[in-house]
Amino acid sequence: MGNKIYSSFDIETIEKLADIVKEKELGEITIVDDDKKITIKGRSCAPMGMSPMPPMQRDPMPMAVNYAAPDAKPSVEAETAFNGNVVKSPIVGTFYAAAAPDKPPFVTEGQQVKKGDVLMIIESMKLMNEIQSEYDGTVAKILVKNGEAVEFDQPIMIIQ
């Protein structure tokens, strides 16, 4: 029988589908290949340690979804309310203000930063990407909350 679970679905494919369901917090995903069908169910309906609001705000369509749409206008308004350099997300992922839940945030509003200082982590595809400051200055405003999904080029903070 080999490593195949179903004739058209190998372990790697099933693991990738499971990762997509988990990362996108989908209820389930079904793939059909000829006469074979596989459904992977997530835990999106199960209670999570975080606020139940974000999954309710999200569009149930996988992949091409703008999770930040409800927050886009406040970010733009906040961006125009401050003069300074806008730090934008270089990738789609999840914003983390600290290296771990029990660690202090990398930066806080009012804190001085120098070019090269770590400002945040953006988790994408299970990789933790440290985002460094491109500017010297003071963190004037942090526009997103810890654990919030961010889109590519979404304003995250303003440095004056």
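Me: Which residue of β10 does valine 113 stand opposite?
Reply: Valine 113 faces glycine 137 there. Keep in mind that this is a predicted model.

Me: How many bridges join β7 to β10, and which way do the two run?
Reply: Two bridges join β7 to β10, which covers residues 137-142, and the strands run antiparallel.

Me: What is the strand order in the open sheet with β7 and β10?
Reply: The order is β5-β12-β10-β7, four strands with antiparallel pairing. The edges are β5 (85-88) and β7 (112-113), and each of these pairs on one side only.

Me: Now the open sheet with β8. What is the order there?
Reply: That open sheet also has four strands, in the order β9-β8-β6-β11, and the pairing is antiparallel. Its edge strands are β9 (127-132) and β11 (149-150), each pairing on one side only.

Me: How many bridges does β8 make with β6, and how many with β9?
Reply: Three bridges join β8 to β6, residues 93-96. Six bridges join β8 to β9. Both pairs run antiparallel.

Me: Why is β8 described as largely enclosed by the rest of the structure?
Reply: Because five of its seven residues are buried. The cut-off for buried is under 20% relative accessible area.

Me: What goes into the largest nonpolar core?
Reply: That core has 15 residues. The members that touch the most others are Phe95, Leu119, Met120, Ile122, Ile156 and Met157.

Me: Pick Ile156. What is isoleucine 156 in contact with, leaving out neighbours within four places in sequence?
Reply: Its contacts include Phe95, Met120 and Ile122. Lys141, Ile142, Leu143 and Val144 are also among the contacts of isoleucine 156, as are Val87, Lys88 and Ser89. Val150 is another one of them.

Me: What about the second core?
Reply: The second core is separate and has seven residues, including Ile14, Leu17, Ile29 and Ile40.

Me: Where is isoleucine 29 bridged?
Reply: Isoleucine 29 has isoleucine 40 in β4 as its bridge partner. β3 (residues 28-33) and β4 (residues 36-41) run antiparallel and are joined by six bridges.

Me: Stepping back, how many helices and strands does the protein have?
Reply: The protein has three helices and twelve strands.

Me: What share of the residues counts as buried?
Reply: Of the 160 residues, 29% count as buried. The accessible surface comes to about 10,600 Å², and 54% of that belongs to carbon and sulfur atoms.

Me: And what share of the contacts joins residues at least 24 apart?
Reply: It is 56%, taken among contacts between residues at least 6 apart in sequence.

Key: Residues numbered from 1 in each chain as written. Predicted model: local features only at pLDDT ≥ 70, side-chain atom pairs only at ≥ 80, totals over all residues. Heavy atoms only, no water. Core = buried A, V, L, I, M, F, W, Y, C linked by side-chain atoms within 4.5 Å. Buried < 20%, exposed > 50% of the residue type's maximum accessible area, 1.4 Å probe, protein only. Contact = heavy atoms within 4.5 Å. Pairing = 2+ DSSP bridges. Areas by Shrake-Rupley, 256 points an atom, 1.4 Å probe, with all protein chains shown as cover.
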